[in-house]
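Here are some notes on the model you sent. The points start with the contact between the chains and then turn to each chain.

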Amino acid sequence: MPGISRMLNMKMRMIIGRVCMLLSIWLPAAPAWPETQVFRQADSFLAGTFGQHLPQAQQLWVTADLRRELENEFGWRAGLRIRYWQQGTQTAWILDEIGKDRPITAGIVVGEHGIEQVEVLVFRESRGWEVKYPFFTDQFIGATLASGGDLDQRIDGITGATLSVRAVTRMARVALRLCDETRRATLARHQ
Amino acid sequence: MPTIARASQFSAFLLVLSLLWAHAAAGAETPSLEALWALVQEQQAEIERLNAALDETRNELGSTQAAGRANEEKLTIATEYLDQIATGSALADSGQRRTTIGGYGELHYNDVDADAGGDYRRIDFHRLVTFIGHEFTDRIRFFSELEIEHALVKDTADGSSSGEVEIEQAYIEFDLTDTYAARAGLFLLPVGFLNETHEPNTFYGVERNDVENIIIPTTWWEAGGSLGGHYRSGLSWDFAVHSGLAIPTTGSSAFRVRSGRQKVSNAIADHPAFTGRVRYTGVPGLELAATVQYQEDASQISGDGLDSGILVSTGAVWNWQRFQLRALWSQWNFEGDLVELADADRQTGWYVEPSFRLGRSSNDWGLYTRFEDVDGAREQDRFQQWEAGINYWPVQNVVFKLDYRERDLDAAAGDFNAIDIGLGYQF
């Protein structure tokens, strides 16, 4: 078969030329490139969890011991404090974690009997998109922390999305640990 | 304010009355009306002075409260910023954060015991790779991968240096929507399991499997453009138009696919190639994938006895509990008189790899075994190989590997067995 340059006969060159002309007219008027790739807004996630009466955001200040534990046993770097929302025994956490090289933002709801919901709110990676969808995130429902900080349920990975799977799994483990911390603090206040 | 003033006036009035009453009771002389009026005016002046002082105090208190609120707001902003720095997630909108680095490396030791007496023991820093990425916006990004192979690259007159410096990826990716993305530049082709994901902690065996070396020449990159889409069902597709292979037709590497990679280094671009892949990952733990590639002229030279070529590759991964089964089959079919005469017009390979992994987040272990059947172009590329080994991950991104291989060549001589030890990491 002839090469590309030979295939570009006069007719094709004319077609390409016309396409270029049309593009040069259209591009200046084209809508701006979207800036964000938000899969679901945090507000929408929280409204879906708690309804229209959103509880006041609370803050968990990260102590030195908790910070050390989160870094060493969970591989997760905590800030000075972590915001969360609580209604009864249900808490919601919005966390960030790096997949391969960009942060993934996930919303995680923890109830009395473990994880109730995991939802990827913003995905910024080139690969590993599978973790955005329920066929992956539904695996976390009902999971609790086992000894050693691992989940007590097996999460099946996705070939080629190993790092994104690990990032979401890590955030789920961290949310369970943080929820446990808020419960301990509540108990301590009532004793 | 008026209520307080009235209350103060009333108190002063009562005070004056009580004074008058006390004075009368004591039988003292009654003060004149002028004296009383002067006393009331004096009290009124005092009240006004006190009210003014109270107003001033209130104003000061209001200013202090406003300053407190402003300070609290500043503290919140500062804390959030420190949070962002502490978690590293966040210089997210700054140019600094938008450029990212990463990488991986692997060190191999091979102890080979060959039937034909070609024994050797070698230690080789096989590769060190650095990733550099940059995000222009959340939807337009650059990604690159720069690799040094075999630790040392030196400029020799005969080109005998075993090391190489290679740019394996350098492309711009555009997220057209949340579902579709396009790439342009130099990218890894969507074929096989290892070509796109080959960090050492993600696969078993010190050396990569031979099907994805001899039949699919991993790591395989070309220059061009691609379009891809993925859907909620777990189905995805990729289609790429890119530079083609230039497989030699003479010499010791004649018709060897791996030798046809031009690595986009002043590559001949007379004949392009097209790659399409369909992939399904809609069930956690399951991956089904199929790739078809068409090479317009696999040697880039018309009429030299090696013309077009088609690669078909299909594979599956199934995870169940702690077990995994991975299998891949790939085949090239080339057109051309010379390639048919050399019996290299059909090159095939397949492997099956069952494994078991504990699945812990640290101190994890995995065992595997693999059988491969490869039928490549050269005599040494036609064999069956069995191997078994162990991976140990102290943490998820660091791995130690140990394996044993037995290779049985189709030819009468050349069989070998080997013990391999490896260290790999990714960050």
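1. In this predicted model, the side chains of B:Arg279 and A:Glu130 form a salt bridge, at 3.1 Å from N to O. A salt bridge here is a side-chain nitrogen of Lys or Arg within 4 Å of a carboxyl oxygen of Asp or Glu. By that rule there is one salt bridge across the interface of chain A and chain B.

2. Helix 1 (4-7), strand 3 (90-98), helix 5 (134-137) and helix 6 (162-190) of chain A each provide at least two residues of the side of chain A that touches chain B. Helix 6 of chain A gives the most to that side, with four residues. Helices (H or I, at least four residues) and strands (E, at least two) are DSSP runs, numbered from the N terminus.

3. Chain A puts 47 residues and chain B 63 residues into the contact (heavy atoms within 4.5 Å). Between them the two chains bury about 4,600 Å², with 46% of it on carbon and sulfur atoms. Buried area is the accessible area (1.4 Å probe) that two parts lose on being put together, summed over both.

4. In chain A, strand 4 (residues 103-111) and strand 5 pair in the antiparallel sense over seven bridges; pairing requires at least two DSSP bridges between the strands. A hairpin of two residues joins strand 4 of chain A to strand 5 of chain A, and A:Val110 stands opposite A:Ile115 in strand 5.

5. Why is strand 5 (residues 114-122) of chain A largely enclosed by the rest of the structure? Seven of its nine residues are buried. Buried means under 20% relative accessible area, exposed over 50%, and partly exposed in between (1.4 Å probe, protein chains only).

6. The loop between strand 7 (235-242) and strand 8 (273-280) of chain B holds B:Phe255 and B:Lys263. B:Phe255 has a positive phi of about 65 degrees although it is not a glycine, and B:Lys263 has a positive phi of about 55 degrees, again without being a glycine. B:Phe255 is buried at 5% relative accessible area, whereas B:Lys263 is partly exposed at 24%.

7. Please look at the peptide bond between B:Thr218 and B:Thr219, which is cis, with omega about 0 degrees. B:Thr219 lies in the loop between helix 4 (211-215) and strand 6 (221-230) of chain B.

8. Local features need pLDDT of at least 70 and side-chain atom pairs count only at pLDDT 80 or more, while totals for chains, interfaces and linings use all residues; side-chain values use heavy atoms, with hydrogens and water left out.

Technical notes. Residues are numbered from 1 along each chain as its sequence is written. Chains are lettered from A and ligands numbered from 1 in the order in which they are written.
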